Amino acid sequence: MAIRQLSETLINQIAAGEVIERPASAAKELIENALDAGATRIEIATAGGGKALLRVSDNGSGMDAADLELAVRRHCTSKISETLEDIRTLGFRGEALPSIGSVARLSIASRRRDSAGGHEIAVAGGKIAHMRPAAANPGTIVEVRDLFFATPARLKFLKTEKAEAGAITEIVKRMAIAFPAVRFVLSGSDRTTLEFPATGDDHLARMAQVLGKEFRDNAIALDAVREEISLTGFAGVPTFNRGNSAHQYAFVNGRPVQDKLILSAIRGAYAETIPSGRHPVAVLSITLDPALVDVNVHPAKSDVRFRDPGLVRGLIVGAIREALARDGSRAATTGASDMLRSFRPGFQPNSQRPQTAWSAETSPSRPYQPTTGFGERPQASFDGLSMPTARAEPQFSPQPPEPEPNARYPLGAARAQIHANYIVAQTEDGLVIVDQHAAHERLVFEAMRKALHSKRLASQVLLIPEIIDIPEEDCDRLMQHAAELSELGLAIERFGPGAIAVRETPAMLGEVDAHGLIRQLADEIAEWDTASGLSAKLEYVAATMACHGSVRSGRRLRPEEMNALLREMEVTPGSGQCNHGRPTYIELKLSDIERLFGRS
């Protein structure tokens, strides 16, 4: 079969299959062009989920007739010159507009600020029409109609109009978070108008617009630097979580990315703090020298490759864990909201009441009989505590922190224990309800975790070393981390070119499947260049031991024990949630309580 040159139109359609996967891909490329042009106001309009219409208008620098002529041709761009090592713009490939024009009906009207008039050019199915003058405001309007009309097979793979419209919304949200100084408006016949007013340098205000005002109240600021790579942003407290990872946003030099290394680092940073199946909320912005990251690994530019992925992962994990240790023990404000909803007064119609025989013991009109937990005699032991000031001096604690004179404690003073499991404490401006088992479980686990990282872990010597055959390159990677693994109680040696001898295993793990462990570590090192899997296993064992060794539900505590527990929680990182990610306490402000009784 003879080799022949493909036509320009077919080449553009092949390229469009990589760059323009769906309407949201086209929206992303057009918004990036507007941002690169210095726009401060971007308006996006859609119809039919972006398949029938996608219009992006901006007030950027605009283009003259010569620029418009080149903009619709492949590999024509104003954003790079001769190298890919210093890319500081969102777009640079020069493929978006010609790719869109090869599969849709594209028109571009643009005018420079210093020009008396504008110009318009159109492309339909790869065929470029003649340039013509056009009335236009300063900036650019790009209109895409009948997307994929020239490649009907692609239309069959698109989702419903509602799903495609939702994907465009997600693109706009990511861009809005990355550029808070730009006003975004998303409208159309297939959606409700969505507007994000510009917030200037207030990134948190823009995040609150996109993620909801609750994020502002439950976010912890991040600011870390390691070897000329900086990380800023906000991470939600562990108890403020979601059912999927869609609320995790990452940006590299201002570019929105969906990189598996970053997502994995976020997941690792929140390990042991979030329940299984739940995901943290986080917005991370990484800034580094453009030469240290490759943004050209995929036409969509959503994947990146770092020159030192281990450094980036360590920076993210370390910064988030440090922030959680500093300020992550507080309860999410959503917990109080859920409690208030459960307390809402209401009534049940007679027709819906259970048809049971009347009894004096169950009647809602029966005289009040205080239970043992709320009676005067059990509560008499609390008389010695200071009442409204929430200043409780711990009298019993394994290692109680030294209280400062006139100290005000965030978790307040214990006032009661109900159902032999929940501690009610009075704070300066409300009350706190603590799950004693969950709270003590976290305290025990943090003590064990500290011991894990403070010295070499105990190991058990194998009578007969385990010999594991693995590829030679995996042996090389494992031996590079041999010293790190030895600190965790796993002693390995090279046993020929393609084998590893395991001589000691961590005593905490008990009987170990050495073959499975070594292969898992080898796979992890190959993927992430880190051997954190063994440490995670040890922490899981520690969490299990902490669960069984903590104060059990149903145990009655003395007032001094309750206050000692509260004081320990205040100085322990991550005490706002147990090892399984459930909250250890819920806080109700006095204003919330007054609202329940209609006093506000």
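Which residue stands opposite Val461 in S24? The residue is Glu504.

## Basis of the model

This is a predicted model, in which local features need pLDDT of at least 70, side-chain atom pairs count only at pLDDT 80 or more, and totals for chains, interfaces and linings use all residues. Residues are numbered from 1 along each chain as its sequence is written, and side-chain values use heavy atoms, with hydrogens and water left out.

## The three-stranded sheet

An open sheet of 3 strands has the order S22-S24-S23, with antiparallel pairing. Strands are DSSP runs (E, at least two residues), as are helices (H or I, at least four), numbered from the N terminus; two strands pair if DSSP finds at least two bridges between them. At the edges are strand S22 (459-469) and strand S23 (491-494), each pairing on one side only. On average, neighbouring strands of this sheet are turned by 20 degrees against each other, direction ignored.

S22 is joined to strand S24 (residues 499-506) by 7 bridges, and the two run antiparallel. Helix H14 (residues 472-480) lies across S23 and S24, at about 135 degrees to S23. Such angles run from 0 to 180 degrees between N-to-C directions, and axes are lines fitted to C-alpha atoms, for helices over the stretch in contact; contact means heavy atoms within 4.5 Å.

## The five-stranded sheet

A mixed open sheet is formed by 5 strands in the order S10-S11-S16-S13-S14. Its edge strands, S10 (219-226) and S14 (255-257), each pair on one side only. From one strand to the next the twist averages 20 degrees.

Strands S13 (residues 248-252) and S16 (residues 282-287) run parallel and are joined by 5 bridges. Gln248 stands opposite Ala282 in S16.

## Helices H6 and H7

The axes of helix H6 (residues 161-178) and helix H7 (residues 203-211) come within 9 Å and cross at roughly 165 degrees. H6 is therefore roughly antiparallel to H7 (the term covers angles over 145 degrees). From H6, Lys173, Ala176 and Ile177 make the contact, and from H7, His203, Arg206, Met207 and Val210. By class, this contact of H6 with H7 has 4 nonpolar, 1 polar and 2 charged residues.

## Salt bridges

The count comes to 25 salt bridges (a side-chain nitrogen of Lys or Arg within 4 Å of a carboxyl oxygen of Asp or Glu). One of them links the side chains of Glu143 and Arg55, at 3.0 Å, N to O. Glu143 lies in strand S7 (residues 139-145) and Arg55 in strand S2 (residues 53-58), so the pair ties together parts that are 88 residues apart in sequence.

Terms used
Angles under 35 degrees count as roughly parallel, over 145 as roughly antiparallel, 65 to 115 as roughly perpendicular and the rest as oblique. Ala, Val, Leu, Ile, Met, Phe, Trp, Tyr, Cys and Pro count as nonpolar, Asp, Glu, Lys and Arg as charged, and the others, Gly among them, as polar.
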